[in-house]
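Please look at the sequence and the structure first.

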Amino acid sequence: GITAVPWQGPPAMDGRGFMSVLFRSTMDSSLDPASPSKYASRNYFMISKNYCSLHSRFGYHFAQVEGLVGERPRENYISFRFQGGAADDQRRQRRVDMVGELLEEQGFRVNLLEDRLTARLERLDRCTMERGLRMLGYLLLHTRQLDMIMNNPEQMARARSQLRRNMAAVAALKPYKR
């Protein structure tokens, strides 16, 4: 899903969105180049035939994906965690609300707490689980920096509509051959 639809870059943001990011950045002491920073964390991934684990920091965002997907549905699961952002609390929360809504539409069980989202999909057949992983890959790439437009209802509606259209296209992709 990460490479299924090319990323078009960050959304056009208004002055308030830019100022929100700028203000948060100036107040964040972990951006001081002289001190250790959580933003310098490495990205980790491990992939095998039936298991994947991804721990990634995309700038201000942290994402974790873990999944076991095989031929025994009762053992299959995907766990997803997403949090953070460069904008103010309200914009970050609106983004995770949108991501949560999109994941629920795909069958994920979603929990939200402030700007943190956890989601889980489990006990389904391999093809359905692989589709869930593709959805997460797509959303990881295409929801970054959306927090900056989350005070503009028109931009939010356009983004939601575009995400849904692309997710339908990603869902329709043929499963990988093993």
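Along strand β6 (residues 116–122), the side chains of L117, A119 and L121 point to one face and are buried, that is, under 20% relative accessible area with a 1.4 Å probe, protein chains only. Strands here are DSSP runs of E with at least two residues, and helices are runs of H or I with at least four, numbered from the N terminus.

The model is predicted, so local features need pLDDT of at least 70 and side-chain atom pairs pLDDT 80 or more, while totals for chains, interfaces and linings use all residues. Residues are numbered from 1 along each chain as its sequence is written, and side-chain values use heavy atoms, without hydrogens and water.

Two strands pair if DSSP finds at least two bridges between them.

| Strand | Sense | Bridges | Residue and its partner in β6 |
|---|---|---|---|
| β4 (residues 77–84) | antiparallel | seven bridges | I78 and L121 |

β5 and β6 form a hairpin with two residues between them. In this turn, E114 has a positive phi of about 55 degrees.

Helices α2 (residues 89–105) and α4 (residues 153–171) pack at about 30 degrees, with axes 11 Å apart. α2 and α4 are therefore roughly parallel, the term for angles under 35 degrees.

Methods. Buried means under 20% relative accessible area, exposed over 50%, partly exposed in between (1.4 Å probe, protein chains only). Axes are lines fitted to C-alpha atoms, for helices over the stretch in contact, and angles run from 0 to 180 degrees between N-to-C directions. Angles under 35 degrees count as roughly parallel, over 145 as roughly antiparallel, 65 to 115 as roughly perpendicular and the rest as oblique.
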